[in-house]
Amino acid sequence: KHNRIEPMNTGTWKGQQTYMDMADINPLDCFFTNFYTALQPGSSVGEMLASDTLKEQCTQFCEYQIERTGPCLIAVMGKFVPDLFANVKHSVHCIEIDHPAYPVRRGTVLGKPIFEHNANKLSKALETVGYYPSKSQ
């Protein structure tokens, strides 16, 4: 199996788009990145098998990205990333939400409350930092 670009209508992207739609967030107002900027052989699900050196390099690069983009809010997603992100030096309002692939895998009925909960967290956090949607559909 070869790693390839993930289509934007599946998995993580589908879930992120649902979060943004439900929270009335314009995707053009967002910057998307991964904490780890390396690929793991095999599956991308689960904890990244990374050396301390790679973790430090990714931490530094994450700090650089935050400095360059100047976000008003950071939404940290995933089971293992929040602990790693705690080492990133920044002064930006930050929240943890469920990785968007989680409610997608749960299906329409079970996933809907998860989407609603996380979209509500995003909306409240954005209101706290003064973000007003510029989304026009």
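**A chat about a predicted model**

Q: What is the relative accessible area of Phe61?
A: Phe61 has a relative accessible area of 38%, so it is partly exposed; buried means under 20%, exposed means over 50% and partly exposed is what lies in between, using a 1.4 Å probe and protein chains only.

Q: And what kind of model is this?
A: This is a predicted model, in which local features need a pLDDT of at least 70 and side-chain atom pairs count only at pLDDT 80 or more, while totals for chains, interfaces and linings use all residues. Residues are numbered from 1 along each chain as its sequence is written, and side-chain values use heavy atoms, with hydrogens and water left out.

Q: What is the mean pLDDT of the protein?
A: The mean pLDDT, which is the predictor's confidence in each residue on a scale from 0 to 100, is 82 for the protein, and 81% of its residues reach 70 or more.

Q: Which element has the lowest mean pLDDT, and which the highest?
A: Among the elements, helix H3 (residues 81-85) has the lowest mean pLDDT, at 81, whereas H2 has the highest, at 91.

Q: How many helices and strands does the protein have?
A: The secondary structure comes to four helices and two strands, running α-α-β-α-β-α from the N terminus on. Helices (H or I, at least four residues) and strands (E, at least two) are DSSP runs, numbered from the N terminus.

Q: Changing topic, how many aromatic pairs are there?
A: The count comes to two aromatic pairs, where rings of Phe, Tyr and Trp (its six-membered ring) pair if their centres lie within 6.5 Å, and planes under 30 degrees apart count as stacked, over 60 as edge-to-face and the rest as tilted. One of them is the edge-to-face pair of Tyr19 and Phe115, with 5.4 Å from centre to centre and 70 degrees between the planes.

Q: Where do Tyr19 and Phe115 lie in the chain?
A: Tyr19 is in helix H1 (residues 11-22) and Phe115 is in helix H4, 96 residues apart, so that the pair links distant parts of the chain. Both Tyr19 and Phe115 are buried.

Q: What about Phe61 and Tyr64?
A: Phe61 and Tyr64 form a stacked aromatic pair, 6.2 Å centre to centre with 25 degrees between the planes. Both residues lie in helix H2 (residues 52-69), three residues apart, which is about one turn of the helix. Tyr64 counts as partly exposed because its relative accessibility is 44%.

Q: Why does Gln65 count as buried?
A: Gln65, which lies in helix H2, counts as buried because its relative accessibility is 10%.

Q: Which residues does Gln65 touch?
A: Leaving out residues up to four places away in sequence, Gln65 touches Phe31 and Thr33, where contact means heavy atoms within 4.5 Å. The side chain of Gln65 also makes a polar contact with the side chain of Thr33, at 3.0 Å; a polar contact is a pair of N or O atoms within 3.5 Å, and within protein one must be able to donate a hydrogen and the other to accept it, while residues adjacent in sequence count only if both atoms are side-chain atoms.

Q: How many salt bridges does the structure hold?
A: The structure holds one salt bridge, meaning a side-chain nitrogen of Lys or Arg within 4 Å of a carboxyl oxygen of Asp or Glu. Lys112 forms this salt bridge with Glu116, and their closest N and O atoms are 3.8 Å apart. Both Lys112 and Glu116 lie in helix H4 (residues 101-128), four residues apart.
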